[in-house]
Amino acid sequence: RSSLSFFGNFQKTATPDPEPLVLPGIGPEGCALPSPSGINTQPPPIQASIVLAIFAALTLSSIAFSSLLDTLTLNYEWVQTWRYTWPFLGVIYTAAGVTHFTLQKDYENIYPFKGAWGVWYVPGSPSFHVQWTGIAEILGGVGLVVGGLYDAFMPVFGTMPNVITPAGIESDAAAGLLLLTAVVTPANIFMYTHGAKLPMDGPEVPVVGHVVRGVLQVVLFGLLYQMGEGTFDALLN
């Protein structure tokens, strides 16, 4: 009887399984914790308004920067030599696309969870969106590399290979990457509003870090539009 009593008491005092640890910026639970920006603590309508304002600011700033680039290109011939750096940008995009597969779980972590900001209900799983955007980045990056090298080393009377429009593979790739960068912008905004981490074992990004990222994104939008302007003109005319 004493033996049975011993085992009975042992079963009663058994230690329960520990609850999963919630880390800031990791997973939906971690992204629900107050972020450095504090935006995710606001009511959903305010969060949605802030996200809309960020998109508007990025759009207007990108248009202004693109117009500045256009003016500089027309008035200063030496500025046009920046075209020869396009293959390097293509390499960066290609490498970034590869990381969508080598760091897939980390990229899935910054994909906005359903209901984020009270408005995010895009169909498809995080893994699906991480994979297709990675493939698109690789294709666009390779297009920039091929088109940029062709532009740099082929004779001036050579004809740029056409893929989608008569503007050529380089312009088409840049236009596609501009649209892709716009499509993945919600993930960048989610990192700001909810503190989502990329990589997941990395440090928290302070608000000033997201401001710098926003400025760089404006520069990138302006550059890509200048590079892909011929494609947009061909599609709209």
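At what angle do helix α3 and α7 pack, and how far apart are their axes?

Tutor: Quick ground rules: this is a predicted model, so local features need pLDDT of at least 70 and side-chain atom pairs count only at pLDDT 80 or more, while totals for chains, interfaces and linings use all residues. Residues are numbered from 1 along each chain as its sequence is written, and side-chain values use heavy atoms, with hydrogens and water left out.

Now your pair: α3 (residues 44–75) packs against α7 at about 130 degrees, with the axes 11 Å apart. Axes here are lines fitted to C-alpha atoms over the stretch in contact, and angles run from 0 to 180 degrees between N-to-C directions. The two helices are therefore oblique to each other, a label for whatever isn't under 35 degrees (roughly parallel), over 145 (roughly antiparallel) or 65 to 115 (roughly perpendicular). On the α3 side, the contact (heavy atoms within 4.5 Å) is made by Gln-47, Val-51, Ile-54, Phe-55 and Leu-58. From α7 come Ala-182, Thr-185, Pro-186, Ile-189, Tyr-192 and His-194. That splits into eight nonpolar, three polar and no charged residues, with Ala, Val, Leu, Ile, Met, Phe, Trp, Tyr, Cys and Pro counted as nonpolar, Asp, Glu, Lys and Arg as charged, and the others, Gly among them, as polar.

And α7 turns up elsewhere too: the largest nonpolar core has 15 residues, and α7 gives the most to this core, with six. Such a core is a set of buried (under 20% relative accessible area, 1.4 Å probe, protein chains only) Ala, Val, Leu, Ile, Met, Phe, Trp, Tyr and Cys residues joined through side-chain atoms within 4.5 Å.

Conventions
Buried means under 20% relative accessible area, exposed over 50%, partly exposed in between (1.4 Å probe, protein chains only). Helices (H or I, at least four residues) and strands (E, at least two) are DSSP runs, numbered from the N terminus.
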